[in-house]
Amino acid sequence: MRPLLIKFRGEVSQEAMAKHFNVTQQTWSNWEKGTSTPPPHVMKQIEIESGYLMEEIFFDVFNKSIL
């Protein structure tokens with residue numbers, strides 16, 4: 001789960017957020033669940049609009065172990 005992404009969405013529906021970011025509702029849902037990740041340019045757009053650093057929102061992506 002990506003709690004900051006969910007917090008950013010707030011009371012807005014996944015459908016509305018998906019439309020705003022030009023993806024399907026299922027894609028947005030997968031981003032929130034952490035089963036997929038938006039492309040870098042979308043992560044940057046989310047960062048700008050949310051006020052949270054993309055490294056915080058997508059902590060799992062930026063903090064994978066290199067083993």
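How many positive and negative side chains does the chain have, and how far apart do the centres of the two sets lie? The chain has 7 positive and 8 negative side chains, with the two centres 4 Å apart; Lys and Arg count as positive and Asp and Glu as negative, while His and the chain ends are not counted, and the place of a charge is taken as NZ of Lys, CZ of Arg, CG of Asp or CD of Glu.

This is a predicted model, in which local features need pLDDT of at least 70 and side-chain atom pairs count only at pLDDT 80 or more, whereas totals for chains, interfaces and linings use all residues. Residues are numbered from 1 along each chain as its sequence is written, and side-chain values use heavy atoms, with hydrogens and water left out.

View 1. Helices (H or I, at least four residues) and strands (E, at least two) are DSSP runs numbered from the N terminus, and along the sequence they give the pattern α-α-α-α-α-α. The C-alpha trace spans about 40 × 25 × 20 Å along its principal axes. The radius of gyration of the chain is 11 Å, which agrees with the value near 11 Å for a compact globule of 67 residues; the radius is taken over C-alpha atoms, and the globule rule is 2.2 Å times the number of residues to the power 0.38. Of the 67 residues, 33% count as buried, where buried means under 20% relative accessible area, exposed over 50% and partly exposed in between (1.4 Å probe, protein chains only).

**View 2. The largest nonpolar core, with 13 residues.** A nonpolar core is a set of buried Ala, Val, Leu, Ile, Met, Phe, Trp, Tyr and Cys residues joined through side-chain atoms within 4.5 Å. The residues with the most contacts inside this core are Leu5, Phe8, Phe21, Trp28, Trp31, Ile46 and Phe58. At least two residues of the core come from each of helix 1 (3–9), helix 2 (14–20), helix 3 (25–33), helix 4 (40–50) and helix 5 (54–57), and helix 4 gives the largest share, three residues.

**View 3. Leu5 and Arg9, two residues that lie in helix 1.** Leu5 counts as buried because its relative accessibility is 0%. Contact means heavy atoms within 4.5 Å, and, leaving aside neighbours within four places in sequence, Leu5 is in contact with Trp28, Trp31, Glu32, Ile46, Ile57 and Phe58. Arg9 also counts as buried, at 17% relative accessibility, and, with residues up to four places away in sequence not counted, Arg9 touches Gln14, Met17, Trp28 and Glu32.

**View 4. The surroundings of Phe8.** Leaving aside its neighbours within four places in sequence, Phe8 is in contact with Met17, Phe21, Trp28, Ile46, Glu49 and Ser50.

**View 5. Helix 3 and its cover.** The buried residues of helix 3 are Trp28, Ser29, Asn30, Trp31 and Glu32, and what covers them includes helix 1, helix 2 and helix 4. After helix 3 comes Gly34, whose phi is positive, near 85°.

**View 6. Asn22, in the loop between helix 2 and helix 3.** The phi of Asn22 is near 60°, a positive value in a residue other than glycine. Most residues other than glycine have a negative phi. Asn22 counts as exposed, since its relative accessibility is 71%.
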